[in-house]
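Please open the structure in a viewer and keep the selection tool at hand. The stops below are meant to be followed in order.

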Amino acid sequence: MTAQHTITLTVNGRRYERAVEPRLLLADFLRHTIGLTGTHVGCEHGVCGACTVLINGDSMRSCLLFAIQLDGASVETVESLGGPGNLSPLQECFREHHALQCGFCTPGMLMTATDLLRKYPLATDEQIREGLSGNLCRCTGYEHIVKAVRAAVSNREAER
Ligand code: FES
Ligand code: FES
């Protein structure tokens, strides 16, 4: 049996201290160890972006990181945004603009878009497309996702 190591992560503002095997991926820590299944796992090798979360404020692939690497880190998952009956403004934009179909890519899209909206002006659709280019969607053709993020940019500018 592999030795376990105790790590502490802050996830969505809550502190978790857990003993983990060194091989445990962050995606599996989130989904199985602490039960936050909003983060999806698709390709499991860094291509699709479905597993994207924010780590210390930067979007990263949770399927490419070991939980043990993140001892002391702060993680934000899609659960931090909102839920049924309590959608965040970005989630509302996705709903209004039909930016999802099966929804499998949506948690990763939302977390990548959250990172982009916090950091970049996103003045053009090209910038939005480039920012989202690491996240694959098999359903929407991307057009509605770009529209949703464009609407979120407009909301952000209106609030300034
Ligand atoms: S599941 Fe992590 S990039 Fe696809
Ligand atoms: S909505 Fe189905 S993969 Fe994007």
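This is a predicted model: local features need pLDDT of at least 70, side-chain atom pairs count only at pLDDT 80 or more; totals for chains, interfaces and linings use all residues.

**The largest pocket**

Begin by selecting Leu81, Ser88, Pro89, Leu90, Thr114, Leu117, Arg118, Ala152, Asn155, Arg156 and Glu159, which form the lining of the largest pocket. Two or more lining residues come from each of the helices α2 (89-96), α3 (106-119) and α5 (143-159). The largest share, four residues, is supplied by α5. The volume of this pocket is about 260 Å³. Colouring the lining by class will show five nonpolar, three polar and three charged residues.

**The second largest pocket**

Next, select Val78, Leu87, Gln91, Thr106 and Leu110; of the 14 residues lining the second largest pocket, these lie nearest its centre. The volume here is about 210 Å³. Helices α2 and α3 each give at least two residues to the lining. By class, this lining comprises seven nonpolar residues, six polar residues and one charged residue.

**From the pocket lining to a salt bridge**

Return to Arg118, one of the residues lining the largest pocket. Which side chain does Arg118 meet in a salt bridge? The partner is Glu76, with an N to O distance of 2.7 Å. This pair joins distant parts of the chain, since Arg118 belongs to helix α3 and Glu76 to strand β5 (residues 74-76), 42 residues apart. Arg118 is partly exposed, at 49% relative accessibility, whereas Glu76 is buried, at 19%.

**Within helix α3**

Now select Asp115 and Lys119, whose side chains form a salt bridge at 2.8 Å, N to O. Because Asp115 and Lys119 are four residues apart in helix α3, about one helical turn separates them. Is Asp115 buried or exposed? Asp115 is buried, with a relative accessible area of 6%, while Lys119 is partly exposed, at 38%.

**Between helices α4 and α5**

For the last stop, select Glu143 and Arg129, where a salt bridge spans 2.9 Å, N to O. Glu143 lies in helix α5 and Arg129 in helix α4 (residues 125-131), so the pair ties together parts that are 14 residues apart in sequence. Both side chains can be checked for accessibility: Glu143 is partly exposed at 37%, and Arg129 is partly exposed at 34%.

Note on methods: Residues are numbered from 1 along each chain as its sequence is written. Chains are lettered from A and ligands numbered from 1 in the order in which they are written. Side-chain values use heavy atoms; hydrogens and water are left out. On a 1 Å grid over the protein atoms alone, a cavity is a set of points where a 1.4 Å probe fits but cannot get out, and a pocket is an open set with protein on both sides within 12 Å along at least five of seven lines; lining residues have an atom within 4 Å of a point. Grid points are joined across faces, edges and corners, and a volume is the space filled by probe spheres set on the points. Ala, Val, Leu, Ile, Met, Phe, Trp, Tyr, Cys and Pro count as nonpolar, Asp, Glu, Lys and Arg as charged, and the others, Gly among them, as polar. A salt bridge is a side-chain nitrogen of Lys or Arg within 4 Å of a carboxyl oxygen of Asp or Glu. Buried means under 20% relative accessible area, exposed over 50%, partly exposed in between (1.4 Å probe, protein chains only).
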